[in-house]
Amino acid sequence: LPKPKLSLKPTLHKSHNSTNVPSLLPATPKPQNDLPFSQTFHSLTSLKPYILSQHKPILLGWLCSIVSVYSLSKTVPKIGKFSTFIENLDPITLKNEGLAVGVLVLARLVAVYWQQAFLWDAALNAVYRVRAAVFEKVLERDLEFFEGYGGVLSGDIAYRITAEASDIADTVFALLNTTVPSALQLLAMAAQMLAISPLLSLISAVVIPCMALIIIRLGGKLRNISNKAHLSIAALSAYLNEVLPAILFVKANNAELCEYARFRKLAHDDLSAHLEKKKMKALIPQIVQIMYFGVLFMLCAGSLVFSSSSFDSGGMASFLTALIFLIEPIQGVGKAYNELKQGEPAIERLFELTRFKPMIKEKLDAVDLDQVTGEVKFCDVSFKYGDNMAYVLNGLNLHIKAGETVAVVGPSGGGKTTLVKLLLRLYDPLSGCILIDNHNIQSVKITSLRRHVGLVSQDITLFSGTVAENIGYRDLSAKINMEMVEDAARTANADEFIRNLPDGYKTNIGPRGSSLSGGQKQRLAIARALYQNSSILILDEATSALDSRSELLVRQAVQRLMENHTVLVIAHRLETILMAKRVFRLDAGKLEEVTRSSILGGQHMAWGSSFDCHCKQ
Ligand code: ADP
Ligand code: MG
């Protein structure tokens, strides 16, 4: 990689397009309209059911707003009276009225506090439900969705569900806090103004809508800027999600400086986008202020020009007070509108995750296979990942008898893992079918299918949590059977090293099992597959990354599990291959059976083997 030139001070307004920082990663995640099945829709309609579910706190909050507006409209006329009292210097009335105003103001403060507390309660609870619903949908999405973007997507999804969902809470609160409370206050204050001076009210009625229009205009601009800011922070988050887990690789390649430069570029893009947004947000209230003075000026002019019958100074004070509290909700509506414009992209991106047509569908009359013997047939299976892609599997046939161990070898990228994905129904074949105990897997309940197939995959997946939780992963939501966990660990040759861990089976193994060695992770993964107690086990290059001592332990484990499972081993280690009864070579999308001697001799010899296939659904 060329060494990037770095300036140590972040400079504003510098174009970063000409930077010579190498860009191996896509700089930004795919923009939203590139995501599959994206649709345009109204963001608020999507939020509606979640907001409505919070009707109780919302009603309580609005009830408080009635109290607050009521005390406000009682206060306004008293303000006008005050100036008359001061002129007449009547200490007793002054004291009584002062006390009354004090009580009213206090009542309003308390009511406003509870109004906001209830409405935040509603907004945050609504967003909590949105998050949960979105994540539930994300979990349902086909593997294709996650694999299609080379992993960049997962950082982007994480960002949408965390930070962007938080932004939505602000939007929802602003909406709730302005709709009814603002309308109430607006009406109450307009009534006050009208009672004091219909003429000045008329002038206000002309000027104020113009003001609102300008605010709406600015809101539209803010929406675009906000969208840019969202994308830039999503890109930054996606980048961090990719590079931090790969820190070992980064260090080993002396790539810290290069990564630092890439980070700086993304962070700077984010800076620019956010700066623009903050400036816009700072500008809007100033414009509102100018307009506010404009209104005052118009009123003064109006009262001078038309002051015939006119009103006393007390009336003027009341009128202006009412005007201030009339403009307050208008400002609030403007702010809420901006908040909505800012929140819209976040809402759209969040709900976009939930809009999809599943590729892998379960039939209504799908059968629940209670027990299977473990016979597997691939019948003339063809598959490719996309319309414009080459066939990965092309008329593939394979028959694994119940309890048999079969090995599949072949060049990397030959489609071995694809075979596994098809058997687990993570993808469906384009043509042909896969049978388990002569049931087409497309007419079997997906959960039941996956229960019968245990997988030890190429890249081992362990989660932070205890050893027991990782082995008993299948029962994580129920109760983990410790006896079965220990049994599985013993069969997988893992019991000994687990007992030597600080807390034995209760040891927390860290994120992705980071505190374990490769061989230990491998054996934990095997123990987990055994705990599942499925009849069919797949070991997808499970022994590929092991040293010879670890491999011996793993091989013993595999040997044991071969005794009472149907096993499909995908391997390129000779020792592992030789444990299998029959060996197949996957090449050019087809399988050929190979003899043992031919493996050792490096050549292969095919012979035909035929079996019955009935792809009926
Ligand atoms: P193997 O496990 O034998 O190394 P794979 O089954 O993983 O091979 O991959 C077979 C071929 O399919 C490769 O050319 C690979 O690039 C391609 N492939 C795998 N997964 C995807 C995917 N999600 N999208 C597109 N192509 C893929
Ligand atoms: Mg593979």
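Which residues surround ligand 1? I looked there before anything else. Ligand 1 is surrounded by Glu147, Tyr385, Val392, Ser412, Gly413, Gly414, Gly415, Lys416, Thr417 and Thr418. I counted a residue as near a molecule if its C-beta atom, placed from the backbone, lies within 6 Å of it.

**Ground rules.** I am reading a predicted model, in which local features need pLDDT of at least 70, side-chain atom pairs count only at pLDDT 80 or more, and totals for chains, interfaces and linings use all residues. Residues are numbered from 1 along each chain as its sequence is written, while chains are lettered from A and ligands numbered from 1 in the order in which they are written.

**The shell, continued.** I sorted the shell around ligand 1 by class: two nonpolar, six polar and two charged residues. Here Ala, Val, Leu, Ile, Met, Phe, Trp, Tyr, Cys and Pro count as nonpolar, Asp, Glu, Lys and Arg as charged, and the others, Gly among them, as polar. Which helix gives the most to this shell? Helix H10 (residues 416-423) does, with three residues.

**The whole chain.** I found 18 helices and ten strands in the chain. Helices (H or I, at least four residues) and strands (E, at least two) are DSSP runs, numbered from the N terminus. Of the 617 residues, 35% count as buried. A residue is buried if 20 or more other C-beta atoms lie within 10 Å of its own, exposed if 12 or fewer, and partly exposed in between; C-beta atoms are placed from the backbone. I then looked at contacts between residues at least 6 apart in sequence: 81% of them join residues at least 24 apart. Two residues are in contact if their C-beta atoms, placed from the backbone, lie within 7 Å.

**Cores.** The largest nonpolar core has 72 residues. Such a core is a set of buried Ala, Val, Leu, Ile, Met, Phe, Trp, Tyr and Cys residues joined through C-beta atoms within 7 Å. Those with the most contacts inside the largest core are Ala407, Val408, Ile471, Ile526, Ala527 and Leu539. Helix H15 (residues 518-531) gives the most to this core, with seven residues. Apart from this core lies another, of 54 residues, among them Ile58, Phe118, Phe173 and Ile196. In soluble globular proteins, nonpolar side chains tend to be buried together.

Leaving aside neighbours within four places in sequence, Ile471 is in contact with Val485, Ala488, Ala489, Leu524, Ala527, Arg528 and Tyr531.

**Helix H16.** I checked the span of H16 (residues 548-562). The expected span is 1.5 Å times one less than the number of residues. For these 15 residues that should be 21 Å, and the end C-alpha atoms are 20 Å apart, which agrees. Which residues of H16 are buried? They are Leu553, Val554, Ala557, Val558 and Leu561. The face turned away from the buried side carries the exposed residues Ser548, Arg549 and Gln559.

**Helix H3.** I ran the span check again on H3 (residues 91-140). Its 50 residues should span 74 Å, and the end C-alpha atoms are 73 Å apart, which agrees. The buried residues of H3 include Ala111, Gln115, Phe118 and Val130.

Gly589 lies in the loop between strand S9 (582-587) and strand S10 (590-594). It is partly exposed, with 19 other C-beta atoms within 10 Å. Not counting residues up to four places away in sequence, Gly589 touches Tyr391, Val392, Leu393, Asn394, Leu396 and Gly415. Val392 and Gly415 also stand around ligand 1. The C-alpha atoms of Gly589 and Gln115, 474 residues apart along the chain, are separated by 66 Å.

Asp503 is in the loop between helix H14 (495-499) and H15. Is Asp503 buried or exposed? Asp503 is exposed, with 10 other C-beta atoms within 10 Å. Its C-alpha atom is 9.4 Å from that of Val467, 36 residues away along the chain.

**Backbone angles.** Phi of Asn254 is near 50 degrees, a positive value in a residue other than glycine. Asn254 sits in the loop between helix H7 (247-252) and helix H8 (256-306). Phi of Asp380 is near 50 degrees too, but Asp380 is found in strand S1.
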